[in-house]
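Colleague: I have this one open for the first time. Can you walk me through it?
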Amino acid sequence: MKEPLTLFGKRLRNLRKSAGLSQKQLWLLIGLDDGVASARMNQYEVGSHSPKFSIAIKIANALDVSAAYFYADDEQTAHAILLFSKIKNDQRRSVLTVLEELANLQN
């Protein structure tokens with residue numbers, strides 16, 4: 001199996017495996033045609049093709065994460081997005097308040 005060439009591919013593969021899904025299972029979970037399932041998902045993971053943003057959103061929703069996770073340009077931001085995705089909506093406001101307070105301390 002080829003190693004991912006892109007951050008998107010690396011993060012996609014890691015999340016998919018953590019979810020215990022095959023490439024084909026994930027493809028079918030997002031509701032796309034079975035005929036190209038494994039091949040297309042493999043292309044996304046190794047970075048030979050990039051999904052349209054609408055497909056990235058479907059993948060993110062299936063994996064219960066924000067699509068922003070796949071596009072974050074550093075690992076700390078990606079990790080923060082991943083954790084934020086796991087927090088219930090009613091708790092997100094509290095997290096944002098803490099972040100705003102920390103940002104204001106920097107000024």
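Modeller: From the N terminus on, the elements of the protein chain run α-α-α-α-α-α-α. Keep in mind that this is a predicted model.

Colleague: How many helices and how many strands is that?
Modeller: Seven helices and zero strands.

Colleague: What does the C-alpha trace span along its principal axes?
Modeller: About 50 × 30 × 25 Å.

Colleague: And what share of the residues counts as buried?
Modeller: 29% of the 107 residues in the protein chain.

Colleague: What about contacts between residues 24 or more positions apart?
Modeller: Take the contacts in the protein chain with a separation of 6 or more. Residues 24 or more positions apart account for 46% of those.

Colleague: Let's go inside. Which residues of the largest nonpolar core touch the most other members?
Modeller: Leu12, Ile59, Leu63, Val65, Tyr69 and Phe70. The core has 22 residues.

Colleague: Which helices supply at least two residues of this core?
Modeller: α1 (7-18), α2 (23-29), α3 (37-46), α4 (53-62), α5 (68-71) and α6 (75-86).

Colleague: Which gives the most?
Modeller: α4, with four residues.

Colleague: Pick Tyr69. What does Tyr69 touch?
Modeller: Skip residues up to four places away in sequence. Tyr69 then touches Arg11, Leu15, Ala78, Ile81 and Leu82.

Colleague: Arg11 is on that list. Is Arg11 buried or exposed?
Modeller: Arg11 counts as buried because its relative accessibility is 2%, and the cut-off for buried is under 20%. Arg11 lies in helix α1.

Colleague: What does the side chain of Arg11 make a polar contact with?
Modeller: With the side chain of Glu75, at 2.8 Å.

Colleague: What else is Arg11 in contact with?
Modeller: Leaving aside neighbours within four places in sequence, the list for Arg11 includes Tyr69, Phe70, Tyr71 and Ala72. Asp74, Glu75 and Ala78 are on it too.

Colleague: Now helix packing. At what angle do α1 and α3 pack?
Modeller: About 125°, with their axes 6 Å apart. The two helices are therefore oblique to each other.

Colleague: Which residues make the contact?
Modeller: From α1, Phe8, Gly9, Lys10, Leu12, Arg13 and Arg16. From α3, Met41, Asn42, Tyr44, Glu45 and Val46.

Colleague: How many of those are nonpolar, polar and charged?
Modeller: The contact of α1 with α3 has five nonpolar, two polar and four charged residues.

Colleague: Stay on α3. Which of its residues are buried?
Modeller: Ala37, Met41, Tyr44, Glu45 and Val46.

Colleague: What covers the buried residues of α3?
Modeller: The cover includes α1, α2 and α4.

Colleague: And what follows α3?
Modeller: Gly47, whose phi is positive, near 90°.

Colleague: Which residue has a positive phi although it is not a glycine?
Modeller: Asp64 is one, at about 60°. Most residues other than glycine have a negative phi.

Colleague: Where is Asp64 found?
Modeller: In the loop between α4 and α5. Asp64 is partly exposed, with a relative accessible area of 48%.

Colleague: What is Ser85 in contact with?
Modeller: Asp64 is one of its partners. Val65, Ser66 and Arg92 are the others, leaving aside neighbours of Ser85 within four places in sequence.

Colleague: Where is the place of Ser85?
Modeller: In helix α6. Ser85 is buried, with a relative accessible area of 11%.

Colleague: How far apart are Ser85 and Ser66?
Modeller: They are 19 residues apart in sequence and 6.0 Å apart in space, C-alpha to C-alpha. A polar atom of the side chain of Ser85 lies 3.0 Å from the backbone nitrogen of Ser66.

Colleague: Last topic, Glu3. Is Glu3 buried or exposed?
Modeller: Glu3 counts as exposed, at 59% relative accessibility. Its place is in the segment before α1.

Colleague: What is Glu3 in contact with?
Modeller: Arg13 and Val46, leaving aside neighbours of Glu3 within four places in sequence.

Colleague: And how far apart are Glu3 and Leu96?
Modeller: 93 residues in sequence, and 35 Å in space, C-alpha to C-alpha.

How values were computed:
Residues numbered from 1 in each chain as written. Predicted model: local features only at pLDDT ≥ 70, side-chain atom pairs only at ≥ 80, totals over all residues. Heavy atoms only, no water. Core = buried A, V, L, I, M, F, W, Y, C linked by side-chain atoms within 4.5 Å. Buried < 20%, exposed > 50% of the residue type's maximum accessible area, 1.4 Å probe, protein only. Contact = heavy atoms within 4.5 Å. Polar contact = N/O pair within 3.5 Å; in protein donor to acceptor, adjacent residues only side chain to side chain. Axes fitted to C-alpha atoms, helices over the stretch in contact; angles between N-to-C directions. Parallel < 35°, antiparallel > 145°, perpendicular 65-115°, else oblique. Nonpolar A, V, L, I, M, F, W, Y, C, P; charged D, E, K, R; others polar.
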